Amino acid sequence: MKETAARDTVLGVPVQSNGSPALHTTGRNTGEAGLEDAPFTVKIQGAGIEPFELQVGQCWLVQDLAQAVLAREEVVPRTCLALSLHGVTLEPLSELGAAKGFGLGVTIKLIEELYSPQAVRVHLARLQELLQSPGPQDALRQGQSPTYLDAASQGTVPEVSPGRGSRRSASDARVDPPADCPPPDFILPGCRERPLLSLIPALPASTHSENSACLSDLSLSRWNPPPRNRKLQGDLLYLTVCTLEGKRCDITSCPKGFYLNQSTEAQFDPRPATPSLLSHSLADLLAQLSPRFKKGLTALRSRSQRPLLETMATPYRTLAWVAPLLQHRPTCDPYSWRLGLEEHSSGQAPDWNEELQAARDLPQSTLEERLLRSRALLQVSSGFVWAVTQGAEAVIDGSAVPINPSEEPQLQAFLCGGVFFSQGAEGGVLGGKRGARAAPRLELAGVQAYSQLGKGLVGQGALHTLPAAVVDYRGVRLAAQGLAPGWLEPEQEGQGAAGSTRLLYGLSAPPQEGGPRRRLLELLAQAAKSLAIQKHSVLTPRDHPAPLFSSADCRGVLGADGRYYVTDLFRTLPPDVNFLPQERKGEDGWPSGYSSLSLPRVFPHQLCRLRPELVSAFIQHKSSQFKQRVKETMAQSGPDHGEEGEREMGARNGSVHLLSISGSGQGVDAIRAACKELGSVSDIIFEIRFNPDLYSPGVRFPEEEQGAVQLQERLLREAAAFLVTEQIPAFVSDCRHRHVIPADGATLAQALHQRGINLRYMGQVVRTIDQSQHTERLTHVKRLLYGEMIVRSARRVLNNSLQGVETSSLAAAVSHFLCCLLGPHCNPAPVGEEPKRRSRRRGRGGGGVSDNTGWSVLSAAELWNLISLDVQETYDLKTDLGSSIDHVVEVYGLQKVSVLRELCLKMGIQVQLKEYNLDSRHRPPFSPEDILGIFPVVKHLTTGSRDATRVFLGAQASVQKGQLLEGYEQLKEAVYLFSRTCDELHPDACACLSALARVAHVLGRSAEARSVQLRAVVVSERVLGFDHPNTVQEYALLAVYVCTGGELPLARRLLYRARLLLLLLHGEDHPYMATLDSSIGLLLQGEQSVQFLQSALRINTKFCGSDDPQTALSHHLLAQALCSVGEYRSAMSQEKAALVVYQAQFGEDHQQTKASLNFLQAITQQAVRVERTLRQGADPVEAAPPQILTPSLETRLEQLALVNGI
């Protein structure tokens, strides 16, 4: 979590006031100036509905308008409708503004189209969605994080059991909580309680129970499928309906709609009944058949609708690690199994590779084309990840049949849902099981690197990568990827047959020449330049040199579809020689003081690679050194030459690792000398590249390559040393100066990765913190590092324990592991009689013919010993972790509930919402009933909109320059672009929404800031997690904006929620807690205000130092609060401390110093006045304090904004 004062975030826009939702048009509204898309009103009529008006924009696509129309209450649940203007049917992908005659006040007619078999199923799904009425609890059932903003802001009393109640929109409802809103006891500073029951407010149950008010049953008729003669007459599907009046009806679906037939349960008679009641919508037909259905449907349509942003499906699952035990339903989709909606009309699995490549091949010439391409890529990626999730469950649970059943279980592969699953490479070559688990993750990183290449290198006619993901489920890691055409067929040598897959590139590729190979080599050479990969040669198995533009494992294939694919990319990134023990520290490239470190050292596997962020930072570092060397060399020839060289470099340094100049001979000599000294691959162009095949087992280089190999080895040593000597200290410095403030494992890993630091260096980071002079200010980071190392090691132990466990024993195995990890004492679980031999087909987790019961004999001491050994082996941690987790809790302040949360998120475990006594020595804290589920955890490729990101970065630059209005317009444009690509349900869109709200607040547009920030909170909860550190910040910022509107009780409630989340995430000893406590203290009065402000002062003094302006502000706010309770002497002491800091930091003439001095004088005068009043025996209340000591609401709002860095 970044510091609020330095935080750059991104934001969205308010919901349209007219309630017209559209999937990617939510950013288009009357408040968005600068976008040539001012909304205007059109009239919608036809298809038997009441006419209504709708606001649209000229840049809308016709399909955008169609989606908005279908979401209207008057239209739901109709489908299969077309839009017509002046008698001409509008094309879905055309723009409204391009339609002839389109303009303000036009009438657009809805045209009922003919149904196809697929369209009928879509219509039934739409009706089912209306009848089911999904709610927030349905997201919890699926393991997803819902939004709790509405429930938390209304102050609903937490309950475990689902309840019913009214639902008010979080985006436009003003909450009216009680005027007096005191903080709960567990929120108060110093309280050690961490009540989980308060973490999740009571959510409104979905209206599924109201289904009984519509129908008794809706299912497919037993007479399906229609006979051939009836198909020729248009029969598509037969349905059976049981109404609440007890009437059974058989319905025929035909291209024109639905009608009543004469079939009964015993006799098939498809002839239309009299009357047939033909209706284009099934709901209209059922309304004519059943008055009670009509009444129930009207109630469903008129119910309070939740905002679209709360109900729209997120692209990827965000796990909710804790959830209440919800009422069980017959099925999540009550009608789908009877309607057959889970089975598409075509039983063929999607071709994910073709869908991905088709999206990548879309044109990118115009902005509109790029937005459509970005949206298509996100949709394909989202669908692929969901298919991977479902397929992994099928594979591990034993529901899928392997394509090679004769192989060992670890070598079996599966094809499920169009996705190819395997357990990755063989571990023996890569370093055992740890290496086998690392290979798929590195393969994904390589695919990501090639997928992000610029235009011309990826897409039509260029390089292609297969859709890929890595999924962890029940202790097993699976590599998932799509299949190119002909992928499972044997590769063809030479030219091969037309339409077959051909291997064109790689060590095992046959010798061949031709246009396709030359084109592939050209593309790989261009990609190598972008990825900083050095062209090199290696020896083939026949001792022939083979030139390569990638790692030796990489293969280039011409697919049967004519596309060039690159695969086996797990060694794309350079090796990390800090974990190659054969490296010698005395060789060229290691710094002089490096011998004191415990590096290089042995690692559990041989696939340690540098991160791409580290490669970029190192190249930039070398580029800076190069420019400095050239400048110094030129300066030695005279000052004029030095200025000339600097000017030439500045003009020609067009990229991070490219610099070429031409000019005088001295300049060329300086360039050559600097290139040679700093390891450039060329002596006339400064360019840093890496050889990814160095230190790879079995890779040999020709004799003529030895000079280049030595140079590349030196560069790798320098890069590895740069990580330890530069990047790790820079990360520690960022944390000390609060440029980054991690609050949990995810934000810690993100901050480390941004600096290019792998998580295996966490032990080294701990040693750097211990050697720092500001260790006290870094205790929160050190605590997070210890927690992250312990959790990751515990995950590895749990993964090994779960492999081979039968499904029926999973809950017991997980709960026993949690008891051993978090409970004070835990004895081995009792084991019944030895399970019988089971079939190998009963689950991939079987690991053999019998159930694995090793987990049941695991003790707490043995588990902690395994974790300690793994931490030492993986992270090289020198500190003793003691005999149990209690030692770490006592010494470093780690919270057990935080460890529980982190482990659940990393393992995909969802536990029951209840209070767990993790310190009880008499009974285990967890039972099998507390484990609600285990969900697959998927690592996937990241997609985004480059146009939206570019505009957003430009907006941030404008705001930093003080150009607020320009930045405001750019932010609104960025929000619109994000909404076009990801419907705002993306972390980048969330950041954009938050930044827009911040700028709107600064510009005095309080209502807009409030509305936009509401959307940012909802997006953060649903996309990042309801208890993610970013969600904590979004709640705090929302409190500022609602407080500006006078909603003080609501602001307090939001801050209470934020403080509770941070307490559960990390605890009270965290720098951001000072921001929350200061904010709460400003909104409270009396002793409670003093209590929170004292806590903020204590935290700021610890993490910022006593001489920091932030600490001085805490002194001033506390002095202000003490004056309000009459403690003037204490207030004088606090303001004096603030004044000392201001004088030291800003000087005597600074405005802040003068204001503090005036305030101190006012306190002193008031203290004298009160003392004189007491001596005279009068009531001290009569000595009313001056106005300067009783700040107005406006002053407190300014201070609240200042505290939150606005």
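Modeller: This is a predicted model, and I would begin with a helix pair, in which Glu788, Val791, Arg792, Ala794, Arg795, Leu798, Asn799 and Leu802 of H21 meet Val899, Glu902, Leu903, Lys906 and Met907 of H25.

Colleague: How many charged residues does the contact of H21 with H25 have?
Modeller: Sorted by class, the contact of H21 with H25 contains seven nonpolar residues and one polar residue. The charged class includes Glu788 and Arg792 on the H21 side, and Glu902 and Lys906 on the H25 side. The number of charged residues in this contact is five.

Colleague: Are H21 and H25 roughly parallel or oblique to each other?
Modeller: The axes of H21 (residues 779–802) and H25 (residues 896–907) come within 10 Å and cross at roughly 50°, and the crossing is right-handed. Angles under 35 degrees count as roughly parallel and those from 65 to 115 as roughly perpendicular. The pair H21 and H25 is therefore oblique.

Colleague: Which residues in H30 do Cys990, Ser994, Ala997, Arg998 and His1001 in H28 meet?
Modeller: By class, the contact of H28 with H30 is made up of five nonpolar, four polar and two charged residues. On the H30 side, the residues that meet those of H28 are Asn1030, Glu1034, Leu1037, Val1040, Tyr1041 and Thr1044.

Colleague: Does Lys622 count as buried or exposed?
Modeller: Lys622 sits in helix H15 (residues 612–636), and, leaving aside residues up to four places away in sequence, Lys622 touches Leu678, Phe686, Ile688, Leu715 and Glu718. The cut-off for burial is under 20% relative accessible area. Because the relative accessibility of Lys622 is 3%, Lys622 counts as buried.

Colleague: Asp543 and Glu984 each have a positive phi without being glycine; which loop holds Glu984?
Modeller: Most residues other than glycine have a negative phi. Asp543, with phi of about 65°, belongs to the loop between strands E17 (536–539) and E18 (545–548), and counts as partly exposed because its relative accessibility is 47%. Glu984, by contrast, has phi of about 70° and is buried, with a relative accessible area of 1%. The loop that holds Glu984 is the one between helix H27 (964–982) and H28.

Colleague: What is the omega of the cis peptide bond that joins Thr274 and Pro275?
Modeller: Most peptide bonds are trans. The bond from Val76 to Pro77 is cis, with omega near 5°, and Pro77 lies in the loop between helix H1 (62–70) and strand E3 (81–85). Pro275 is in the loop between strand E9 (257–260) and helix H6 (282–289), and for the cis bond that joins Thr274 and Pro275, omega is about -5°.

Colleague: What is the C-alpha to C-alpha distance of Glu91 and Leu61 in space?
Modeller: Glu91 lies in the loop between strands E4 (88–89) and E5 (107–112), and counts as exposed because its relative accessibility is 54%. Glu91 and Leu61 are 30 residues apart in sequence. In space, C-alpha to C-alpha, their distance is 9.0 Å.

Key. Residues numbered from 1 in each chain as written. Predicted model: local features only at pLDDT ≥ 70, side-chain atom pairs only at ≥ 80, totals over all residues. Heavy atoms only, no water. Contact = heavy atoms within 4.5 Å. Helix = DSSP H or I, 4+ residues; strand = E, 2+ residues; numbered from the N terminus. Buried < 20%, exposed > 50% of the residue type's maximum accessible area, 1.4 Å probe, protein only. Axes fitted to C-alpha atoms, helices over the stretch in contact; angles between N-to-C directions. Parallel < 35°, antiparallel > 145°, perpendicular 65-115°, else oblique. Left-handed = near helix turned anticlockwise from the far one by under 90°.
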